[in-house]
Amino acid sequence: QVQLVESGGGLVQAGDSLRLSCAASGRTLSNFVMGWFRQAPGKEREFVASAAWTGDMLSYADSVKGRFTISRDNAKKTVYLQMNSLKLEDTAVYYCASRSRGSLRYDYWGQGTQVTVSS
């Protein structure tokens, strides 16, 4: 089992920055991949970014490339999502998730943290 707890969400203005954190506990094996997803009101959940604990397998959605950066602190078992130049359309609940390298399905999810970008 893997437990994931997100934090760092809040209300910011367009153009501001925000850093989300995802603390992992339990079975956090090095062959796991960590991902960030988001879901805006009335929309389906969408992929934002992912990275393996080993530092490879970096991937970003086109909508956030150049603005968001995923990173991790293996000692703290924490994954971060640095979000810069935030836009109104980045408003969503952001979720942290985890999957094994050999799977395409994210099996473990956090409870989500709200990010609201205002004009």
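Begin by selecting strands β3 and β8, which pair in the antiparallel sense over six bridges; two strands count as paired if DSSP finds at least two bridges between them, and strands themselves are DSSP runs (E, at least two residues), numbered from the N terminus. This is a predicted model, in which local features need pLDDT of at least 70 and side-chain atom pairs count only at pLDDT 80 or more, while totals for chains, interfaces and linings use all residues. Residues are numbered from 1 along each chain as its sequence is written, and side-chain values use heavy atoms, with hydrogens and water left out.

Next, pick out Leu20, whose bridge partner in β8 is Leu81. Colouring residues 78-83 shows strand β8, which is mostly covered, five of its six residues being buried (under 20% relative accessible area, with a 1.4 Å probe and protein chains only).

Finally, select Cys22 and Cys96, which form a disulfide with their sulfur atoms 2.0 Å apart, the term meaning a pair of cysteine sulfur atoms within 2.5 Å. This pair links distant parts of the chain, since Cys22 lies in strand β3 (residues 18-26) and Cys96 in strand β9 (residues 92-100), 74 residues apart. The link of Cys22 and Cys96 is left-handed, with -75 degrees about the S-S bond, and both cysteines are buried. A search of the whole structure finds one disulfide.

Key. Helix = DSSP H or I, 4+ residues; strand = E, 2+ residues; numbered from the N terminus. Buried < 20%, exposed > 50% of the residue type's maximum accessible area, 1.4 Å probe, protein only.
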